[in-house]
Amino acid sequence: MITFSTWDIVSNLLLAARWTVLLSLVAFAGGGIVGLMLLYARISRAAALRRAASVYIELFQGTPLLMQLFLAFFGLPLLGVEVSPWLAAGVTLTLWTAAFLAEIWRGCVEAIPKGQWEASSSLAMSFFEQLRHVILPQAMRIAVPPTVGFSVQVVKGTALTSIIGFVELTKAATIITNATFEPFTVYGFAALIYFILCWPLSKSSQILERKLNVAHRNH
Amino acid sequence: MKYSFDFGGLLDYAPTILKGIFITVELIVIGGILGVLLGIACAWVRTQGPPWLRPPVAGYVELIRNTPFLIQLFFIFFGLPAAGLSLGEMPAAILTIVINLGAYSCEIIRAGIQATPKGQFEAGASLAMSPFQTFRHVVLVPALQKIWPALSSQMVIVMLGTSVCSQISVEEITFAANFIQSRTFRAFEVYILATLIYLALSVLLRQVLRGVGCLIFPRRRAVR
């Protein structure tokens with residue numbers, strides 16, 4: 001029987017962690033772009049757009065990420081669309097992230113006093129100009145800590161893609177366990193790597209919150 | 001390629017799905033209650049508990065909040081037997097949910113406790129209540145009332161998260177869906193149905209928690 005040293009386990013986990021990081025970055029960047037469009041729809045003046053965006057958000061927040069992954073991975077091929085685990089994972093996580101980010105950002109936009117909207121509209125700015133020059137710059141300040149905090153959820157969300165066969169940290173841990181029969185060590189190290197990835201993000205979210213301290217500025 | 005939907009074939013598997021729903025509900029009810037109790041205990045330690053107990057609890061909260069539920073589940077189900085603690089799939093799933101929800105609800109409840117005015121503690125002390133009595137009778141309920149919406153959201157998130165328990169062969173909704181899918185190859189229909197069930201459950205859970213909130217906090221008063 002082949003024996004595996006602890007370093008064998010850790011190095012292979014670290015190699016797989018690259019894909020966790022890459023998938024998180026893709027999902028977060030893509031989710032940011034789609035989320036911005038959703039935000040625009042969610043607060044637009046057209047009632048139909050608002051309605052559609054809120055249904056989208058409700059659907060993605062009210063159903064498990066795992067189900068969304070299954071629908072994309074097992075469902076779409078039935079329609080004749082070939083989906084690789086990479087594509088299914090990337091697209092699903094992007095859409096899922098977008099729903100949450102849009103809702104977080106909507107809260108931040110709504111925290112901006114109404115007078116700002118009225119002032120900018122009295123300057124004959126269009127809706128888009130109001131957002132671009134007046135509302136978003138202020139909302140962004142409030143949005144930074146919760147957005148960074150949510151990135152932790154994205155990193156943890158990528159663990160689910162292991163179930164549809166995308167080889168990232170969790171899948172690698174399962175594969176290594178099957179070879180070494182040391183689940184305690186392997187899953188322990190996998191958890192540690194996730195912690196090392198996520199903890200700086202949650203910590204910086206807390207620090208940013210304290211630093212920007214927007215919540216108590218206007219009182 | 002044309003795909004024609006056929007939901008009729010799923011009817012034969014109604015008992016499997018119903019059993020799945022039952023187990024999901026069981027997971028969230030047991031896990032939810034025990035998890036919130038653990039969260040209250042941890043929040044107490046982090047705000048008023050003995051100082052020596054605070055760092056370990058803080059470490060537990062950070063560790064759980066920064067690792068995926070799936071890894072926690074695998075660690076408890078596959079990893080712990082190596083350390084001598086062997087759990088069946090259902091106890092392992094419930095234990096993971098309790099540990100997970102405990103960490104998240106600790107942070108939420110702690111925020112509620114810290115938002116309690118200092119005068120409340122002093123008022124309790126001036127009535128010769130012990131710190132624990134003050135916490136139990138004066139601080140806890142208003143604190144819970146303040147953070148009840150956030151706690152409800154977290155419970156819904158945990159309920160959706162239980163879909164992962166199918167991976168250690170807990171026979172909940174996702175497990176049922178996978179089982180039916182492997183029998184009928186009707187992936188789209190099955191997963192759409194399962195997704196809709198989860199959606200309905202999350203709406204239902206929200207309503208139930210709102211009702212529970214009205215029961216526990218009968219005096220509706222303006223916060224602040």
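A cavity here is a set of points, on a 1 Å grid over the protein atoms alone, where a 1.4 Å probe fits but cannot get out. Grid points are joined across faces, edges and corners, and a volume is the space filled by probe spheres set on the points. Rolling a probe the size of a water molecule over the atoms shows where empty space is left.

The structure is a predicted model, in which local features need pLDDT of at least 70 and side-chain atom pairs count only at pLDDT 80 or more, while totals for chains, interfaces and linings use all residues. Residues are numbered from 1 along each chain as its sequence is written, chains are lettered from A and ligands numbered from 1 in the order in which they are written, and side-chain values use heavy atoms, with hydrogens and water left out.

The largest cavity has a volume of about 50 Å³. Its lining residues (those with an atom within 4 Å of a point) include Ile17(B), Ile173(B), Ala177(B), Leu193(B) and Ile197(B). Both α7 and α8 (187-216) of chain B supply at least two residues each to this lining.

The C-alpha atoms of chain A fill a box of roughly 80 × 45 × 25 Å along the principal axes. Of its 219 residues, 47% count as buried, meaning under 20% relative accessible area, with exposed being over 50% and partly exposed in between (1.4 Å probe, protein chains only). Contacts (heavy atoms within 4.5 Å) tell a further part of the story: among those in chain A between residues at least 6 apart in sequence, 75% join residues at least 24 apart.

Most residues other than glycine have a negative phi. Ala128(B), however, has a positive phi, near 65°, and is found in the loop between α5 (118-126) and α6 (131-161). Ala128(B) is exposed, with a relative accessible area of 68%. Ser169(B), also not a glycine, has a positive phi of about 60°. Ser169(B) lies in the loop between α6 and α7 (173-184), and counts as partly exposed at 34% relative accessibility.

Conventions. Helix = DSSP H or I, 4+ residues; strand = E, 2+ residues; numbered from the N terminus. 1 Å grid on protein atoms, 1.4 Å probe; cavity = no way out; pocket = protein on both sides within 12 Å on 5 of 7 lines; lining within 4 Å.
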